[in-house]
Amino acid sequence: MSLLAPNRRHVDQAAGSGLLRSVRLFRLFLAEQTDPEKFYTSLAEDAVRQVAEYGRLGGQTVVEPDPAELRLRAGAPADAVVADGYWLPVRDGGADVAFSSNVLEHVPDPMGLIEEMIRVTRPGGLMYLSFTNWYSPWGGHEMSPWHYLGPGYAERRYVRRHRREPKHECGVNLFPVHIGPVLRALRARADIQIVEARPRYYPRWCRLLVRLPGLREVATWNLMLIMRRVG
């Protein structure tokens, strides 16, 4: 968990929009395994720009419940507090922004993580949530696209091909998460408002995909949600 105040520099560095932005992000995926710092740093900058479209970030208290992201560059920042994402040491409504990027598919209780984000966000505050849905082309992560034939098969094939265990193991640190159930659960809540729901890496006009049950589970590479705390 981190308490940060993102500055404008991070937003300015995440240049690009529309189709050109999508091409740039997809190229970054090629470097995820060989240069993870470049990949995750660029992805984080792009995510900050997305959040900044809906509210001011400078001087705000931001909670990010993923300690792995904090330690990516030789340790957590000096002003960070590392904690369990299910039990954040933040008072109710103590954060202006709650931020979770590509974490939801790695926890056994996705709604529990979301509920904790909601709890710590002040009324009127923003929540940024993105996750890779299971049936997307990248749903199996490094084992993709063979996860479509089942996680067991995908893991065995990965071992045969690479002579090592995959980084992720389904049911241990990778869990199937689907767009439809998540959207229905969130829309049923009276304490949040979904401000935006769209594929994270696609141009903005591709938001229509999220309205199409079935197709959205396959065609949406990664779902991005911007939510506002109500009440």
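**Close-up 1. Arg163, an exposed residue in a loop.** Arg163 counts as exposed because its relative accessibility is 73%. The value comes from a predicted model, as do those in the legends that follow. Arg163 sits in the loop between α6 and α7. Its phi is positive, about 60°, although Arg163 is not a glycine.

**Close-up 2. Asn102, a buried residue with positive phi.** Asn102 belongs to the loop between β2 (95-101) and α5. Phi is near 55° here, a positive value in a residue other than glycine. With a relative accessible area of 17%, Asn102 is buried. The cut-off for buried is under 20%.

Close-up 3. The bond from Ser144 to Pro145 is cis. Its omega is near 0°. Pro145 lies in the loop between β3 and α6.

Close-up 4. Five side chains are shown: Tyr135, Trp146, Tyr148, Leu149 and Val218. Together they make a nonpolar surface patch of about 480 Å². One of them, Leu149, is placed in the loop between β3 (121-131) and α6 (151-162). Leu149 has 57% relative accessibility, so it counts as exposed.

**Close-up 5. The salt bridge between Glu53 and Arg204.** The two side chains meet at 2.7 Å, N to O. Glu53 lies in the loop between α3 (36-52) and β1 (62-63), and Arg204 in the loop between β4 (192-199) and α8 (215-219), so the pair ties together parts 151 residues apart in sequence. Both partners are partly exposed: Glu53 at 34% relative accessibility, Arg204 at 36%.

**Close-up 6. The salt bridge between Glu115 and Arg189.** The closest N and O atoms of this pair are 3.6 Å apart. Glu115 is in helix α5 (residues 110-120) and Arg189 in the loop between α7 (179-187) and β4, so the bridge ties together parts that are 74 residues apart in sequence. Glu115 is partly exposed, with a relative accessible area of 40%. Arg189 also counts as partly exposed, at 25%.

Close-up 7. Glu116 and Arg119 meet through their side chains at 2.8 Å, N to O. Both lie in α5, three residues apart, about one turn of the helix. An α-helix has 3.6 residues a turn, so residues three or four places apart point the same way. Glu116 is buried, with a relative accessible area of 9%. Arg119 counts as partly exposed, at 25% relative accessibility. Elsewhere, salt bridges that share partners join Arg21, Arg24, Asp46, Arg49, Glu53, Glu196, Arg198, Arg204 and Arg207 into one network. The whole structure holds 13 salt bridges.

**Close-up 8. Helix α3, mostly covered.** Twelve of the 17 residues of α3 are buried. Among them are Phe39, Tyr40, Leu43, Ala47, Val48 and Val51. The end C-alpha atoms of α3 are 24 Å apart. At 1.5 Å a residue, its 17 residues should span 24 Å, so the two values agree.

Methods: Residues are numbered from 1 along each chain as its sequence is written. This is a predicted model: local features need pLDDT of at least 70, side-chain atom pairs count only at pLDDT 80 or more; totals for chains, interfaces and linings use all residues. Side-chain values use heavy atoms; hydrogens and water are left out. Patches are made of residues with over 30% relative accessible area and no salt bridge: like charges are joined within 9 Å, nonpolar side chains (Val, Leu, Ile, Met, Phe, Trp, Tyr) within 5 Å. Accessible areas come from the Shrake-Rupley method with a 1.4 Å probe; for residues, only the protein chains shown count as cover. A salt bridge is a side-chain nitrogen of Lys or Arg within 4 Å of a carboxyl oxygen of Asp or Glu. Helices (H or I, at least four residues) and strands (E, at least two) are DSSP runs, numbered from the N terminus. Buried means under 20% relative accessible area, exposed over 50%, partly exposed in between (1.4 Å probe, protein chains only). The expected span of a helix is 1.5 Å times one less than its number of residues.
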